[in-house]
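I opened my notebook to look up a few things in this structure. Here is what I wrote down as I went.

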Amino acid sequence: MPPGTPARPAHAPVTRPAVAEWLRASRPAAAPGIWRLGHRERPQEEPDLVPARQLFSGAFIAYLCGWLLWSLLWNGYLEGWWIFINDWWLLPMLWLVPDDWRSAASPHVELYVAAGYLYYALVLSLLAVGFGRVGNWSEVWQRYGVPLWPLFVMLPGVWREMPRTVTWLMWVSNLTYVLLAAAVVAVVGRVGTWPVVRGRFGSGPPADPPAPAPEADPADWPELRAAGLAEAARSLAEATRAGTLGDVDYARIRRAWQGVHARPDRLAAFTEAVRLRGAAACAHPSGLRDLPRRTATHDLATSQVKIGTAVDDARNPYARRTTGVALEPALLGTSLLAVGPSGSGKSVRLVRPVVESMCLLALANRAAVVTVTAYGSGLAPDDAFDLVIAVGRPDSTHDLDLYGGTEDPDEAARVLAEALVGDLAATVPGGDSRRAGTALAQLIGPYQCVHGRFPSVPDLRELLGGAPGAVGALRTALAAADGPGAAAQLRELDARERQSARADDIGVLLAERIAFLDRPAFADFFRTDGGGRQFSLRAIEHPLRVRIDLPERGHAEASRIVARLVLAQFNEAALTRSDRSLFACLVLDDATYAVTPDAVRAVQRLRSANAGVVFALRTLEDVPEPLRGPLLGAVGCRVAFAGLAPWDGGRFAEAWGTEWVQTRDVTNREIVTDEPLTKALHLMRRLVTGKATTAEAVTVREVERARWSASDLAHAVPAGHAVLSLTTVRGEHAPPLLVDLRM
């Protein structure tokens, strides 16, 4: 393998070694959430199928009619005084065959015999095609012929082992072969039938599409050739066919070429990078070109990751049944909420593929991803990320910025207040976290004015607790300071001291909450003195892959505070970043008590910021009751896993609404008659069947019903399945679908 080529991952796409064929595969435009690679459109409505009994009856009657006509022709019963030409149905063959061939002494008599048999076969085939169309034999073959053809092959071999006295079985065997041959001829004669058979029953893989013309072959990079970069296009085309250019390389270089379109001044640098490095051009800052291993199926040409297959179920629209279901940034940009009990597959079958897809897109310089999970959860390996921040672990290489990299004390106080008391916003004075933010700003601002930095966790805890030494020292330093704004900050500190004397002071609650972070395990974290390597969420302007591990086992409350802190900082950074070309994604593997009123409002605004959040919850009970409905309304993608509680299912059912469906009500009423003969017939039927003679009345009407009821979501979703609805940032949506996440 040439130098610089990444190792092939264990779970790479099946087209990974043959990128050229992967690029040439069809990806038609499709509805939201459809796996586009190799997708084939299905009809919107289910075709009306003839009942099996009626279908077999019609096919058998047509077969008997064809057999009768052939017997009449073969035995000459259709020749008589009304037809003055003997063997009239053989005239086409006699016209084409020379007369001297018919003599027994002719050297061409064998050709004459062969021509006769060929003509008999032609007539028999025409009869089979004609009566096959009348009897709808092609539909019989589509439904039952392909699955049962081994039975037709095996039966004659079994019958030959039986005693020869059972001669009628041999007749049945011959009849079976005649029926099978006639059906095959009818199907072959019916244009367009075999593609339907292959599509329904998978009788064989579709033929490989012909190689496109060079100017249209994506493996030849026609965009570069059209722009005059023939040498660069030739270099990349050779790498594509040699297998040294992978799917991540393709997506990354395509991204760089799109940047050249936006900024033409980058053309020279792009051309030089491709000339020098080939498939490794425009590399990710880490220098990596692929993940060490993959567990999901990805299509980086469309930025999709396949998470399952829509079940062939009556509750799914017919056009979506058996189609692949995939997620992409256009869907995750509306944010996603997944609810299901432990073991239902949230992390393994949904969160892990999403994280893996975002990491691949980050390597392609298309996305930035921050994943928050519990330490040791095994959501993704360490080598799949650029940074792994293990909060509370001494072996962590990086620290988390407590204030999100901001220099504004008011913004820092607002974000920190959201993390400390955001889950209690409905119970704190004022009904939200604004009062807590004001209290923090009254301390953070004066501290920054004196020390030139924000306070650390121990310092902030002392100030919130009203420690006389800490507050007095800060007051003295402010009084001695002569810098701009010192007097205003002194007034802020005075206001904080006056408020701390009130019985309902918010500072007491803030001090209690920040005490969870002032533990020996976090002594080396959340530093503000410039020591350590800190990570700020403002870095999501770059294609970073970050995982934050929380110490949920020993510090559950501190983990929830950090989760809310990361969510608040992510929302602030995503909404205020200047470059929104990268898709920014935050994945909360466990969003328990992380949802706050400000977070719900911010999630709705992320759609226009090319960013999204993935929330995973065991139950909606982990969200404050006033926020459960708004959260379901704020996200565009909702996933309900198997085992959902009925009260959670009721919330999803309410969010998904109702639809108009057609129902049939059948009413049976007993027939009463006064005629003696009819009475006798009814009495005889009652004696035979044990039921009275009735007449059916069918009423068809349209009623409004829930798409998925709370009971269905709680009890009718099989294990390994989920019901999901999807919405794109453009407003296109897919109805709730029952999806098998194991396929």
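First, a term: helices (H or I, at least four residues) and strands (E, at least two) are DSSP runs, numbered from the N terminus. I noted that this is a predicted model, where local features need pLDDT of at least 70, side-chain atom pairs count only at pLDDT 80 or more, and totals for chains, interfaces and linings use all residues. Residues are numbered from 1 along each chain as its sequence is written, and side-chain values use heavy atoms, with hydrogens and water left out.

**Helix H2**

I looked up H2, which covers residues 52–74, 23 residues in total. From first C-alpha to last, H2 reaches 32 Å, close to the expected 33 Å (1.5 Å times one less than the number of residues). After H2 comes Gly-76, with a positive phi near 75 degrees.

Which residues of H2 are buried? I found Leu-55, Ala-59, Ala-62, Tyr-63, Gly-66, Trp-70 and Leu-73. Buried means under 20% relative accessible area, exposed over 50%, and partly exposed in between (1.4 Å probe, protein chains only).

I then checked Leu-64, which lies in H2. Leu-64 counts as partly exposed because its relative accessibility is 37%.

**Cysteines**

How many disulfides does the structure hold? I counted zero; a disulfide is a pair of cysteine sulfur atoms within 2.5 Å. The sulfur of Cys-585 has its closest cysteine sulfur in Cys-359, 9.8 Å away, so the two are too far apart for a bond. Cys-585 counts as buried because its relative accessibility is 0%, whereas Cys-449, at 29%, counts as partly exposed.
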